[in-house]
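Please consult the sequence and the model shown here.

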Amino acid sequence: MEGKDRQLSGFLEVHVSYHGISKLTIAKMAGVEENDIDRLLANPPEKIEMEVKYKIAVTVMEGVSQTILKKVIVVLLKISRMIKSKCTFRFSGCS
């Protein structure tokens, strides 16, 4: 389990450090205490109850999926805008 705990801790750290999501926000979304998040982020991760770990894991993984989806949508919107700005509405297509 220690390897899985480190993996979960890594995903959690990405949300907190890279994406700027507060530990309090993650805790509230997961229905756990903020100190549970701190315990999981400790190096090495401290032992926490399986149910708490599960709630955090589900929240973090849903967040990862949503973050990836949002980034894909942003990229697609940028591509769409680039195509619109370079295309004319003539039959000849893009210029």
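## Two crossing helices

Helices α2 and α3 cross in a right-handed manner (right-handed if the near helix is turned clockwise from the far one by less than a right angle, left-handed if anticlockwise). The residues that make the contact are K23, L24, I26 and A27 of α2 together with E34, I37, D38 and L41 of α3, contact being heavy atoms within 4.5 Å. Five of these residues are nonpolar, none is polar and three are charged; Ala, Val, Leu, Ile, Met, Phe, Trp, Tyr, Cys and Pro count as nonpolar, Asp, Glu, Lys and Arg as charged, and the others as polar.

This is a predicted model, in which local features need pLDDT of at least 70 and side-chain atom pairs count only at pLDDT 80 or more, while totals for chains, interfaces and linings use all residues. Residues are numbered from 1 along each chain, and side-chain values use heavy atoms, without hydrogens and water.

The table lists the buried residues (under 20% relative accessible area, with a 1.4 Å probe and protein chains only) of each helix (a DSSP run of H or I, at least four residues).

| Helix | Residues | Buried |
|---|---|---|
| α2 | residues 23-30 | I26, A27 and A30 |
| α3 | residues 34-41 | D36, I37, L40 and L41 |

The buried residues of α2 fall within an arc of 100° seen down the axis, so they line one face of that helix. The face turned away from this buried side carries K28 and M29, which are exposed (over 50% relative accessible area). After α2 comes G31, with a positive phi near 75°.

Technical notes:
The arc is that of the directions from the helix axis to the C-beta atoms.
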